[in-house]
4 protein chains.
Amino acid sequence: MDLPFDGEITRFFEEGVPKDVRTAIEEAGKNDVLGFEYPYATRMDKDNYEDQLEALQVELVKMQDWLDRSDERLVLVFEGRDAAGKGGSISRLTMNLNPRAAHTVALGKPTERERGEWYFQRYVPHLPTTSEMTVFDRSWYNRGVVEKVFGFVDDPSRERFFEQVSDFERLLVRDGIRMWKFWLNVSRAEQLRRILARERDPLKQWKLSRIDVEGLALWDAYTGAIEETLERSHTAHAPWTVIRADDKRRARLAVIRSVLAPLPYDGKDEALVGAPDPAIAGGPDLWVRQTGW
Amino acid sequence: MDLPFDGEITRFFEEGVPKDVRTAIEEAGKNDVLGFEYPYATRMDKDNYEDQLEALQVELVKMQDWLDRSDERLVLVFEGRDAAGKGGSISRLTMNLNPRAAHTVALGKPTERERGEWYFQRYVPHLPTTSEMTVFDRSWYNRGVVEKVFGFVDDPSRERFFEQVSDFERLLVRDGIRMWKFWLNVSRAEQLRRILARERDPLKQWKLSRIDVEGLALWDAYTGAIEETLERSHTAHAPWTVIRADDKRRARLAVIRSVLAPLPYDGKDEALVGAPDPAIAGGPDLWVRQTGW
Amino acid sequence: MDLPFDGEITRFFEEGVPKDVRTAIEEAGKNDVLGFEYPYATRMDKDNYEDQLEALQVELVKMQDWLDRSDERLVLVFEGRDAAGKGGSISRLTMNLNPRAAHTVALGKPTERERGEWYFQRYVPHLPTTSEMTVFDRSWYNRGVVEKVFGFVDDPSRERFFEQVSDFERLLVRDGIRMWKFWLNVSRAEQLRRILARERDPLKQWKLSRIDVEGLALWDAYTGAIEETLERSHTAHAPWTVIRADDKRRARLAVIRSVLAPLPYDGKDEALVGAPDPAIAGGPDLWVRQTGW
Amino acid sequence: MDLPFDGEITRFFEEGVPKDVRTAIEEAGKNDVLGFEYPYATRMDKDNYEDQLEALQVELVKMQDWLDRSDERLVLVFEGRDAAGKGGSISRLTMNLNPRAAHTVALGKPTERERGEWYFQRYVPHLPTTSEMTVFDRSWYNRGVVEKVFGFVDDPSRERFFEQVSDFERLLVRDGIRMWKFWLNVSRAEQLRRILARERDPLKQWKLSRIDVEGLALWDAYTGAIEETLERSHTAHAPWTVIRADDKRRARLAVIRSVLAPLPYDGKDEALVGAPDPAIAGGPDLWVRQTGW
Ligand SMILES: Nc1ncnc2c1ncn2[C@@H]1O[C@H](COP(=O)(O)OP(=O)(O)O)[C@@H](O)[C@H]1O
Ligand SMILES: Nc1ncnc2c1ncn2[C@@H]1O[C@H](COP(=O)(O)OP(=O)(O)O)[C@@H](O)[C@H]1O
Ligand SMILES: Nc1ncnc2c1ncn2[C@@H]1O[C@H](COP(=O)(O)OP(=O)(O)O)[C@@H](O)[C@H]1O
Ligand SMILES: Nc1ncnc2c1ncn2[C@@H]1O[C@H](COP(=O)(O)O)[C@@H](O)[C@H]1O
């Protein structure tokens, strides 16, 4: 099989990590979580997951029904390292919602013209109108993390971003938009395992980009940029929810519960929705600093 | 001649204003300014005006040349009552500039979808990128004035506008955008004279809208809304420049000088540009409260 | 359970169809196909389907890889009655493709402004650029069928559509765009079974619209409009592929094979792709006229 | 004075043309027309021109009034060599029309993305809706002329353009759009005189582009491309109107009369509108082949 990027990911796996990490990845069973300081040893049981997911999706549909008849607007921001599970969480969240009312926005790199504009400008047209929900798969926080790590932004511009971001979000929140900001946290070995799997899966190879491949060796630079970003943009009006995402199943349920919990929609099954698992979803203190291997 | 709006403007002129106002308007010579407490009795001499205007337009062209080679962005906001001269000032300002770099934006009333969005959302896509200038012919300040006077906005939404507008403008200014906000002040008799002239000029009748016609009787409501708006949105980072616009010629020159004065473009003729006439352009204290006739 | 549309679908099922149709729907086993003159009695075996689907998706990924490096452009049009399976076929086709290169477009009803434009105007901006694929989930053929059946179009405008559609498509095809037009054919009982299932599935109720509900009683009007449309728009340069879609599995495989078969991508597994099942995919003669129950 | 393009235009004037052409240009009086085989020796009298222009603009306003209450759509295409007077004609035509209903569209060079699209795609979104008029200042005919002359298009793509353009226009015309295509014809010396004037006028220098400067030496290549374009795209449904534009005044009046003549608007002053001067406006046979100096 032809590997993408000339097998650079496999090479990193073979030469860039200590032998015991390699062994751990190779020997991990399907249900083992490779998480670092992860609160659970194995992933959630499949049947349990599917039952809860389906029940929660019915709740999401009720919620959308309420949204449709209300004048509310919802914004969800998903951030996290490559392969943290942003896309999968978003698709579980939106798969049974009306696409006319629930938009997912994944912007590519800025055009020349956009590069000269107010940094937030290209995101604004996607904000929801009454009865809509916009899900940002990556967002303006690119400037805090990936742009920093890859040198796509100079320091003064990044400072300007941090000076503006809370004000920008406050404008939206004061305008009545409800906002969730999810930071999906994945551990180093689990990330590598997922990226290796993508490298070998012909159906998923297209998801890999140069950024993903080169990012593998930039773990610590990411760590620094993420910590700074979380710290400087966690505000009362627009707080971060960190999701420990080494087990995708628990992560997806926690995301959906986080969205549903505060919403007063009709026919809500409070017992079912409850609150997200506090070992999985929480404030920035839940973010796990992991350095080296 | 068929008058637009069934001659409602003429009727207002004949029945809605005291006889001496009518006489004053009828007898005003071409060069008389009908201004209230206006600092000059007659309008500026035509030749003098044209000479200055042409020289200033050469400066504008130099300025654009500088803009083109810089990474600056300019935003100009024009506000003022109907017939205050916004359109004419804008056209004198932009007529010799490259339309690809100097855009004028005059948005119509919001669509249903826009009505549900963040109030500033529909203005944002028009903000300039590097080396561009955006001129707003009416702007987000509609919410402060015309929407209030005509009941197009409820009070809580208008409050929300005032809570947000300074933050919104600060974001732009902090991002490096240079912003001018011009409030063109026109006196009651002069406004009526201009609107009467439009009513009778087949080439200009299309400029008249229901809003203009009904607005004639709403002078005092406008006054209150304007005063409140000026007061609540005059900030250090985005101050208002009030332009006394009863004499269109002086107003246009003052606008152009206000734009050019702070800009460090190459080959600037400082003596020519100088500063705008302080009797014509200034802070909110230059705004003239006129009630009754 | 609260049924959408006050249970109108169930009512139609109970009162609008002969008893034996009702019984047939009620007694149909999971694997029975309720098709009319359908070439197979039961649906395709699940394992067989999944194996083929997965293998074909790998082919789709190879195809996209080729597309990415070529200057080709692909347009796929999906039409068919409500619940014919357009959405499901499209999602199987695109689920492993890069969303930046494979867009699905499902336009809502035209706005006031669009209603006054050239009928094809609102579709044009979605046409693909080099290396892209656009999938239209419903398309300009709305004017041929649903707009006719529901009286959203007057007859002269519809005539104008038919006069233009072949020329419009020829322009695109001559320009080098490859185009597929799929008409998904579903039988009356199978359609009703699916719409009933949606009515009862809380996760799918949002998919139901007034058009679906009222359309149930308009089967024959649809039949006439579809036949006319197929006949008048089946051209050498842009032929229709009719897909017998009573068995969703066979339909999806046939769609994917129809797309892949003519494309000269690298590494193509010709044996696997082969040609679509001729009993399932073919020209307009495969379309099945079914009237009454 | 600093000349743009390092004085390349003046250099062309001094070194690229025969001495007698230079003398002719230098000695031409303000009112002399430098036209080649032009039907009039001097330009139209100013007062006569202004009287007619103003009266015709009143007609244009009436026309727009009619347009506003009708369901008509108008498209005007303006083509011609650099400095032929497209911009000036357009501005005289639209200056008293409501900008919300009469749009002028001057597209820049295509972006990368647009280059890969169907050639007509980027023009389509600007087509008018009911009661609107779109004026194209340059148009899809770029492909026939400037793109050919400057090598921005390869021959097969240009052939494809010619194969498509009549079909494209027929679609629009059959859809009910009224279309005018104006080709402004300017003679060689008159063009040079105008471009020289721009070079020296600080208010107009920005209008000059590399294309204009380099185009001066490419007169004959332009001639060939224009003749071919006129010939291949002059159709019964979308004929060309050639305007002899060496006298700007006569040209502008002829353009406006060409637009108004066929329109059945209320209160039309038939005597005033009449028909355009047949020595100034006509079919492609009016186009003047001029080679060498
Ligand atoms: N040159 C660049 N400048 C700014 N941002 C960039 C640049 N290149 C990539 N990015 C951003 O980095 C993020 C990660 O890129 P990539 O891995 O290619 O995309 P994705 O994770 O969405 O598949 C994206 O949001 C992309 O927009
Ligand atoms: N229903 C409305 N809601 C909000 N704003 C409106 C509404 N109707 C008119 N306006 C605004 O009032 C302003 C004045 O209207 P009008 O006199 O018609 O326009 P203009 O002065 O630009 O010709 C415009 O900016 C318009 O957008
Ligand atoms: N690289 C290019 N490819 C295609 N068209 C181009 C290119 N460069 C310029 N043009 C077109 O040539 C025409 C003349 O260009 P220019 O003289 O710069 O503009 P204008 O006459 O509108 O001021 C324009 O319509 C422009 O879009
Ligand atoms: N008023 C309308 N005019 C034209 N098309 C419509 C109208 N209402 C619905 N449609 C179209 O009918 C199709 C089915 O509608 P729906 O089931 O509501 O998605 C969609 O493609 C709609 O765009």
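These legends walk you through close-up views of a predicted model.

**View 1. Ligand 1 sits between two chains.** Start with the place where ligand 1 lies, between chains A and C. Around ligand 1 you can find 14 residues, and the closest are A:Lys109, A:Arg138, A:Asn142, A:Phe152 and A:Ser209. Sorted by class, this shell holds six charged, five nonpolar and three polar residues.

View 2. Look for A:Asn142, which has a polar side-chain atom 2.8 Å from an oxygen atom of ligand 1. With A:Lys109, the atom to look for is a backbone N or O, 3.3 Å from an oxygen of ligand 1. On its own, ligand 1 has 550 Å² of accessible area, and the protein covers 79% of that. Two elements of chain A, α6 (146-149) and α9 (210-215), are the ones that give two or more residues to the shell.

**View 3. Chain B meets chain D.** Now turn to another contact, to which chain B and chain D bring 15 residues each. Together they bury about 1,300 Å², with 67% of it on carbon and sulfur atoms.

**View 4. Polar and nonpolar residues where chains B and D touch.** Which pairs reach across? Two residue pairs are in polar contact between chain B and chain D, while the count of salt bridges across this interface is zero. On the chain B side, nine residues are nonpolar, four polar and two charged.

Notes. Residues numbered from 1 in each chain as written. Chains lettered and ligands numbered in written order. Predicted model: local features only at pLDDT ≥ 70, side-chain atom pairs only at ≥ 80, totals over all residues. Heavy atoms only, no water. Near = heavy atom within 4 Å. Polar contact = N/O pair within 3.5 Å; in protein donor to acceptor, adjacent residues only side chain to side chain. Areas by Shrake-Rupley, 256 points an atom, 1.4 Å probe, with all protein chains shown as cover. Helix = DSSP H or I, 4+ residues; strand = E, 2+ residues; numbered from the N terminus. Nonpolar A, V, L, I, M, F, W, Y, C, P; charged D, E, K, R; others polar. Contact = heavy atoms within 4.5 Å. Buried area = accessible area lost by both parts, 1.4 Å probe. Salt bridge = Lys/Arg side-chain N within 4 Å of Asp/Glu carboxyl O.
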